[in-house]
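User: I'd like to learn how to read the features of a protein model, one at a time. Could you give me the general idea first and then the case at hand?

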Amino acid sequence: DLKLNNLKLEAAAINGIDNQGSVANISVTDTLTLVNPHQSDINFAGDVFNENGTLNISAGQIVLGSDAINSNEDYISQNMLINGFNNISMTAASGAVGKGDMHLGFGNTGTNAIVTLSTPMLTVASGSSLSLNATNSALNLNSANSDPTIPAAIGGKLALSADSVDIGSKIDMSGGLVNINATNDIDINGSIDVSGQEKLFYDKTEYIPAGMVSLSSENGDVNINPLTAEEGDIARIDISSGSETGGKAGTLAISAAKGKANLGGTIAAHGVENGGSFLLDVGSHSDFDTLFATLNQSGFDNQIAVRLRNGDMNIGAVSTTVNGRDITLAADSGSISLDKVTIDASGNVSTGGKGGEVAIWAGQDLNIGANTITTTAATTANKDGGDILLASQSGTVAIDNAARFYLGGFGNGRGGDLQIRAE
């Protein structure tokens with residue numbers, strides 16, 4: 001066991017060598033810093049990895065990387081590997097922060113390995129990037145049951161990659177980019193905050209736009225899980241503008257091409273200059289009416305793109321509105337049926353009143369019911385209306401006589417085009 005007040009560990013790797021059933025503990029009272037600023041080579045020649053040991057690391061604060069720069073004043077890319085442990089537990093009681101350009105990997109972890117970072121908050125310093133790669137392991141971000149004492153940073157980049165990912169604590173990175181990739185399931189049980197901010201510079205108010213959250217599962221599901229009673233009123237995902245007087249909301253992108261997405265938790269996407277963008281690519285989904293009701297309630301009204309890989313997309317069992325500046329609906333192999341649906345891409349603040357765009361792509365039949373309204377009309381003088389595309393790859397496009405389309409320009413503005421394709 002190693003116990004210190006502060007520790008800065010400069011190395012290419014932390015290796016568990018021939019450690020069958022062994023437990024290694026590193027305990028730091030204040031700050032533990034893991035860096036590899038000199039980019040030392042990693043050489044495992046002759047090493048024996050039993051892949052069955054345990055590594056426990058605990059500190060008040062964990063700093064991953066450093067802000068060392070090269071002659072071009074760019075951050076020095078740093079790579080470090082924690083290697084040869086089947087169970088890795090890192091606890092940062094007051095918070096964990098990424099700095100510079102840091103890539104921390106977990107290798108030779110064996111079967112059913114678990115990597116756990118327990119902290120009240122994970123953030124990445126402004127302009128910095130942090131990558132945690134546990135490709136063959138489960139990666140869990142757990143709460144440390146303590147309050148963070150480090151400040152949340154603005155504009156960092158965080159990438160998490162693992163067999164499965166469970167976010168049970170808080171990622172706080174205003175205006176930042178969070179990219180989570182998993183081979184199997186992604187579960188959001190904590191919160192991810194990349195909302196914008198309102199900043200006062202002397203006598204002028206400026207707005208930092210919100211960032212982007214990307215959640216991608218190769219073979220599993222993406223689950224934004226419901227709040228518990230103890231959590232109260234928080235957002236699982238916050239891409240809002242963070243201000244009631246200005247600013248732009250960000251983007252939430254979800255991909256589960258062989259699975260599904262479950263949006264049970266609260267999402268904040270309201271913005272003043274524009275609401276959030278929502279990009280969804282899933283293998284299956286059954287209730288699109290509830291999906292679009294959730295998007296409207298959350299504040300999404302910018303780019304809306306929903307792709308269904310398998311099955312039919314049926315919208316309008318109940319009265320449903322799809323709001324956005326640029327709206328795309330696609331069913332790769334199935335049909336799309338719309339009834340009691342209003343698709344509204346009319347001009348708004350973010351477009352200066354110019355009409356938006358609507359594209360609906362069906363692999364099979366596309367059916368537009370009598371109670372369907374689609375509008376890309378302009379709302380400001382001398383602005384153009386937007387275009388509407390209705391397309392079927394291998395079926396027919398059937399439009400009820402009572403369905404309505406509004407593509408008009410305003411004043412001297414040009415009207416949009418309605419295109420219908422059945423190949």
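User: How many aromatic pairs does the structure hold, and how do I read one?

Analyst: A pair of aromatic rings is described by the distance of the centres and the angle of the planes. Rings of Phe, Tyr and Trp (its six-membered ring) pair if their centres lie within 6.5 Å; planes under 30 degrees apart count as stacked, over 60 as edge-to-face and the rest as tilted. In this predicted model, there is 1 aromatic pair. The ring centres of Phe 278 and Phe 300 are 5.4 Å apart and the planes stand at 65 degrees, so the pair is edge-to-face. Phe 278 belongs to strand E26 (residues 276-282) and Phe 300 to strand E27 (residues 300-308), so the pair links distant parts of the chain, 22 residues apart. Strands (E, at least two residues) and helices (H or I, at least four) are DSSP runs, numbered from the N terminus.

User: What should I know about numbering and confidence before going on?

Analyst: Residues are numbered from 1 along each chain as its sequence is written, and side-chain values use heavy atoms, leaving out hydrogens and water. As this is a predicted model, local features need pLDDT of at least 70 and side-chain atom pairs count only at pLDDT 80 or more, while totals for chains, interfaces and linings use all residues.

User: Are Phe 278 and Phe 300 buried or exposed?

Analyst: Buried means under 20% relative accessible area, exposed over 50%, and partly exposed in between (1.4 Å probe, protein chains only). Phe 278 and Phe 300 are both buried. Across the chain, buried residues make up 49% of the 423 residues.

User: Which salt bridge involves Asp 281?

Analyst: A salt bridge is a side-chain nitrogen of Lys or Arg within 4 Å of a carboxyl oxygen of Asp or Glu. Asp 281 meets Arg 309 in one, at 2.8 Å from N to O. Asp 281 lies in strand E26 and Arg 309 in the loop between E27 and strand E28 (313-315), so the bridge ties together parts that are 28 residues apart in sequence. With 14% relative accessibility, Asp 281 counts as buried, while Arg 309 is partly exposed at 27%. Salt bridges with shared partners join Asp 281, Arg 307, Arg 309 and Asp 332 into one network. The structure holds 8 salt bridges, including one between Asp 172 and Lys 170, whose closest N and O atoms are 3.4 Å apart.

User: And the helix: which residues of H1 are buried?

Analyst: An α-helix has 3.6 residues a turn, so residues three or four places apart point the same way. The chain has 1 helix and 39 strands. In H1 (residues 288-298), the buried residues are Phe 288, Asp 289, Leu 291, Phe 292, Leu 295 and Ser 298. At the N-terminal end, Asp 287 caps H1, with a side-chain oxygen 3.4 Å from the backbone nitrogen of Asp 289. After H1 comes Gly 299, with a positive phi near 105 degrees.

User: What does Thr 375 touch?

Analyst: Contact means heavy atoms within 4.5 Å. Not counting residues up to four places away in sequence, Thr 375 touches Ile 343, Asp 344, Ala 345, Ser 346 and Tyr 406. Thr 375 sits in strand E35 (residues 373-375) and is buried, with a relative accessible area of 12%.

Key:
A polar contact is a pair of N or O atoms within 3.5 Å; within protein, one must be able to donate a hydrogen and the other to accept it, and residues adjacent in sequence count only if both atoms are side-chain atoms.
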